[in-house]
Amino acid sequence: MLTSAAVRAAVFDAVPGGYRTGPVDEALVRAEEELAALERAECVRAHGAAAWRARTDELTAVLRGRLERPRTQRFRRPARVRTRGYSAAHVDVLCERVAERLATGTGPDAAAVREAVFPPAHGERAYEEQQVDAFLDRVVEYLLAVR
């Protein structure tokens, strides 16, 4: 069965003569959002609203666990000093906005998180890209779950 998580994880190689990325990305966003809404409705139908709230509460706890870490210490550093990663300072700014969203309901929406771009950095100024990307996927999952 196709899930919102599977759509969120879809990656396609850019090839000469391939599809334009903008329309494909827009279609994937629509599919992800529709599937997330269907998943929520099915969970509520099958298990009740309390089960859905429990699922979103678990997700919130996972996000808060990462967000409550000190600035510049939220994610792993790249394994090698010369390995490129995301700028820790820029990632931390988005993390603070996500923490604000959890606390107050105001802050970035799923589109803003999906579209986040971080400048490259190295060494102590960088976070490992894969770990940040996995966290941002969970943020999008949360934002779609609480719509």
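Contact here means heavy atoms within 4.5 Å. The legends below describe a predicted model.

View 1. From the N terminus on, the order of elements is α-α-α-β-α-α-β-β-α. The C-alpha trace spans about 50 × 45 × 25 Å along its principal axes.

**View 2. Helix 4 against helix 6: the two axes come within 12 Å.** Helix 4 covers residues 88-104, and helix 6 covers residues 129-145. Their axes cross at roughly 25°. Angles under 35 degrees count as roughly parallel, and helix 4 and helix 6 are therefore roughly parallel to each other. The crossing is left-handed. From helix 4, the contact takes in V91, L94, C95, V98, R101 and L102. Facing them in helix 6 are V132, F135, L136, V139, Y142 and L143. Which classes make up this contact of helix 4 with helix 6? The count is 11 nonpolar, no polar and 1 charged residues.

**View 3. Helix 3 against helix 6: the axes lie 10 Å apart.** Helix 3 runs over residues 49-67. Helix 3 and helix 6 pack at an angle of about 145°. The handedness of their crossing is left-handed. Helix 3 brings W52, R55, T56, L59, T60, L63, R66 and L67 to the contact. Helix 6 answers with Q131, F135, R138, V139, E141, Y142 and A145. The residues of this contact divide into 8 nonpolar, 3 polar and 4 charged. F135, V139 and Y142 in helix 6 take part here, and F135, V139 and Y142 also meet helix 4.

**View 4. Helix 2 against helix 6: the axes come within 9 Å.** Helix 2 spans residues 21-47. The axes of helix 2 and helix 6 cross at roughly 60°. That angle makes helix 2 oblique to helix 6. The crossing is right-handed. E32, E33, A36 and R40 in helix 2 touch V140, L144 and A145 in helix 6. By class, the residues of this contact are 4 nonpolar, no polar and 3 charged. A145 in helix 6 meets helix 2 here, and A145 also meets helix 3.

**View 5. The largest pocket: a volume of about 1100 Å³.** Its lining has 31 residues, and the closest to the pocket centre are R8, A10, D25, L28 and R114. Which helices each supply at least two residues of this lining? They are helix 1 (4-9), helix 2, helix 5 (110-114) and helix 6. Helix 2 provides the largest share, 7 residues. The lining of the largest pocket is made of 19 nonpolar, 2 polar and 10 charged residues.

**View 6. The second largest pocket: a volume of about 150 Å³.** Its lining has 13 residues. Nearest its centre lie S4, E39, W52, R55 and E141. Helix 1, helix 2, helix 3 and helix 6 each supply at least two lining residues. Which helix gives the most to this lining? Helix 3 does, with 4 residues. By class, the lining of the second largest pocket has 6 nonpolar, 3 polar and 4 charged residues.

Technical notes. Residues numbered from 1 in each chain as written. Predicted model: local features only at pLDDT ≥ 70, side-chain atom pairs only at ≥ 80, totals over all residues. Heavy atoms only, no water. Axes fitted to C-alpha atoms, helices over the stretch in contact; angles between N-to-C directions. Parallel < 35°, antiparallel > 145°, perpendicular 65-115°, else oblique. Left-handed = near helix turned anticlockwise from the far one by under 90°. Nonpolar A, V, L, I, M, F, W, Y, C, P; charged D, E, K, R; others polar. 1 Å grid on protein atoms, 1.4 Å probe; cavity = no way out; pocket = protein on both sides within 12 Å on 5 of 7 lines; lining within 4 Å. Points joined across faces, edges and corners; volume = space filled by probe spheres on them.
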